[in-house]
Amino acid sequence: MKQRTFLTTLALFLFFFNLGIFIVSVAMFKDTLNRGEERSLSQHYFIASALIKDMQAVEGRGGDIDGSLNALLQPYGYLSGDNDAGLAFYKNNQMVFSGKSNAVIQSNFIEPPDNGSRLATIRKVDEKTYIIVSGKLPAPYNSYTLVYLYDTTEAVNSWSRLKNILFFAGFVLSVLFAFGLLFVLNRIFDPLKQISRTSKDIANGAYDTRLPVSGNDELTEMSKSFNHMAEEIQRQMTELKNAADKKQQFVDNFAHELRTPLTAIYGYAEYMQKAVLSEDDRLSALNYIMAESRRLQTVAFQLLEMANLQNNRINLEELKVSSLFETVHQTLNSKLVEKDILIEFSSEIETISGDFCLMESMLINLIDNAIKACDKGGHIYVRAYKDAESKSICVQDDGKGMSPEVLALITEPFYREEKSRNRKDGGAGLGLALCKQIATSHDGELSFSSCPNEGTTAKITFTT
Amino acid sequence: MAFILIVEDEEAINELVKRNLQLVGHRCHSVFDGKTALSQMKHQSYDLMILDIMLPGIDGFEVIKQANEIPTIFLTAKNSLPDRVKGFSLGADDYLTKPFEMLELLARVEAVLRRTMKTANYFESGNVKIDFSSRQVFHSGQLVECTPKEYELLEVLVNNRNIALSRERLLELVWGYDFEGDTRTVDVHIQKLRKKLGWEERIKTVYKLGYRLEAGR
């Protein structure tokens, strides 16, 4: 591209530049000749009119014109006596007088037309350029022809020198122009090169590469939109990567959730098959198998429930908040008593629309989490209230709380605060993911706020 | 035979590993997190450590870094190549992923112990003594002539004592995958071993399964 632009521009420039020089030099040449011609014509006219007066005077004295011609013409010969001019006089195509250079005149003589107009010709003889003006004298002397010769070699030579200088200067300028053009093109194409480099980098995965933005022209504009594109690509790649990471995390956790109970079940079954067992051994192995099976069942059930919630609409009905709270309280009573936790329910609203079973399961999950977070003798407040047109239920505890990083992840399926995924303090890590799903299917939003060592508040805001 | 520390936070699996190791005569100590494991190692010296990676508090990688030179087998759900490489580069002797098979765990424990234990390497039960290093079998102090296959079969039975082994598995372990004979071969060799060692009662035929060497626990 650059080379083509360079060659095309250079060719066009050279063509028009040289054409210009050519036209100028031709015009100058024409001008030189014209000036010579005009000068010759006026000299011719001057001599001719003076000669006629002289001839009339000779006739007035009754003298013979032909005889006195030489004497008459002699002064004019001197008049134009510089080296550049010459004079000749013809009568009926016979030369009767000539100054110098008569050989040139003789060989180039052309009979002028009879109508009194003059003929100017340009001849080149022996490296010299002559302007020859020939014209008949007006009647009654029209048998005489006056030829004036002007040597314009000097002017032509100086024109020729000037022309050479012009072309030489033109050549030098062209070379300078070519270099200048190359420089300018390099400057112009440099950003393009940079853009192609940058896009290659980006294509190779260096998504944080950017073009420098400076100045205020089209290229800057382009750099800006290019950078914008790069930013967009980077953002989307990051998003994709995050999504992939999340998915990988989910798969890893899921695999762990499946693998651990399966390992135990298989291991104990194998143990029972192959080892010599006492009755106690047998019973405890069976207990382990059953407990681990139940664990698998729970995970499968929760996953299924989540999948169902994602796909199906739920039946909304008006639920009495007080009876919902009562059921939840009953279910969790033993755990509450065990940890000596004080729970308070308060409700400012009568009813709420939703699916009873799902709402119950969500509240149980949230309160169960609150119980786990609390130490012995903690407090849990469950409130249902209305603010700014939307109904909310919130579960507040004064337990150990969570850091913001943990808070951001708790609704991810299989997320567990403890990296070892130990089950001592919880299930598979699907509880809050399920809660979130239930809230979403009720057109609600589940949000958490927490401070380490101060407690956590879970809030479900219903938009319907 | 050996004193083994089991570090595994899942109680069911910890117990399972412990029971399996006890079957073949090892003494075991179970701990459920990395911190306890490290403090236990200061008080006791163990011949081997079975170590999970995902542990509460201090994880398995950290434990092996801080443990000094105890032979270690990782037993973990993490089965990705980087984790394996990391495990080995931290000095693990073996790496086993969940779910695992009992026999495999025992075989690997056996192999690591044989590599690392400096004590004399023999097995004694009743009036039979087997010297693993010289591959000799004694019955009431008398050297018993055994064919190489008989000896190998005996070794497998001893290493997996109290565990029933199917005929197919015995074939695979003693004769190798590419052996073309049928399981009758195993029966014949078992008969010969029973006779030579007077182990008619010790090597039990397990109904529908195979054979099991029952030796004192």
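Two strands are said to pair if DSSP finds at least two bridges between them, and in chain B such a pairing places B:S166 opposite B:G210 in strand β12(B). The model described here is a predicted one.

- Two bridges hold the antiparallel pairing of β10(B) with strand β12 (residues 210-213) of chain B, and B:S166 has B:G210 of β12(B) standing opposite.

- Chain B contains eight helices and twelve strands, and of its 217 residues 37% are buried.
- Of the contacts in chain B between residues at least 6 apart in sequence, 52% join residues that are at least 24 apart.
- The largest nonpolar core has 64 residues, and those with the most contacts inside it are B:I4, B:V7, B:L48 and B:I50; helix α1(B) supplies the largest share of this core, six residues.
- When residues up to four places away in sequence are not counted, B:L48 touches B:A2, B:I4, B:P71, B:I73, B:V109, B:V112 and B:L113.
- Another core, of 32 residues, lies apart from that one, and among its members are A:L363, A:I380, A:I393 and A:C435.

**Where the two chains meet**
- The contact takes 22 residues from chain A and 20 residues from chain B.
- On the side of chain B that touches chain A, the largest share, six residues, comes from helix α1 (residues 11-23) of chain B.
- The residues on that side of chain B comprise 13 nonpolar, two polar and five charged.

- Helix α1(A) has 59 residues and reaches 85 Å from its first C-alpha to its last, which is close to the 87 Å expected at 1.5 Å a residue.
- Within α1(A), the residues A:T32, A:G36, A:S40, A:H44, A:I47 and A:A48 are buried.
- An α-helix has 3.6 residues a turn, so residues three or four places apart point the same way.
- Just after α1(A), A:G62 takes a positive phi of about 80 degrees.
- Helix α1 (residues 2-60) of chain A lies across β3, β4 (128-136) and β5 of chain A, and runs at about 145 degrees to β5(A).

**The five-stranded sheet of chain A**
- Five strands of chain A form an open sheet in the order β2-β1-β5-β4-β3, with antiparallel pairing.
- The edge strands of this sheet are β2 (94-98) and β3 of chain A, each of which pairs on one side only, and the twist averages 25 degrees from one strand to the next.
- Strand β1 (residues 85-91) and strand β5 (residues 144-151) of chain A run antiparallel and are joined by seven bridges, with A:L146 in β5(A) as the bridge partner of A:F89.

- A:T121 is placed in strand β3 (residues 119-125) of chain A, and it counts as partly exposed because it has 13 C-beta neighbours inside 10 Å.
- Leaving aside neighbours within four places in sequence, A:T121 is in contact with A:I110 and A:I132.
- A:T121 and A:I132 are eleven residues apart along the chain, and their C-alpha atoms are separated by 5.2 Å.

Note on methods:
Residues numbered from 1 in each chain as written. Chains lettered and ligands numbered in written order. Predicted model: local features only at pLDDT ≥ 70, side-chain atom pairs only at ≥ 80, totals over all residues. Helix = DSSP H or I, 4+ residues; strand = E, 2+ residues; numbered from the N terminus. Buried ≥ 20, exposed ≤ 12 C-beta atoms within 10 Å, placed from the backbone. Contact = placed C-beta atoms within 7 Å. Nonpolar A, V, L, I, M, F, W, Y, C, P; charged D, E, K, R; others polar. Axes fitted to C-alpha atoms, helices over the stretch in contact; angles between N-to-C directions. Expected span 1.5 Å × (residues − 1). Core = buried A, V, L, I, M, F, W, Y, C linked by C-beta atoms within 7 Å.
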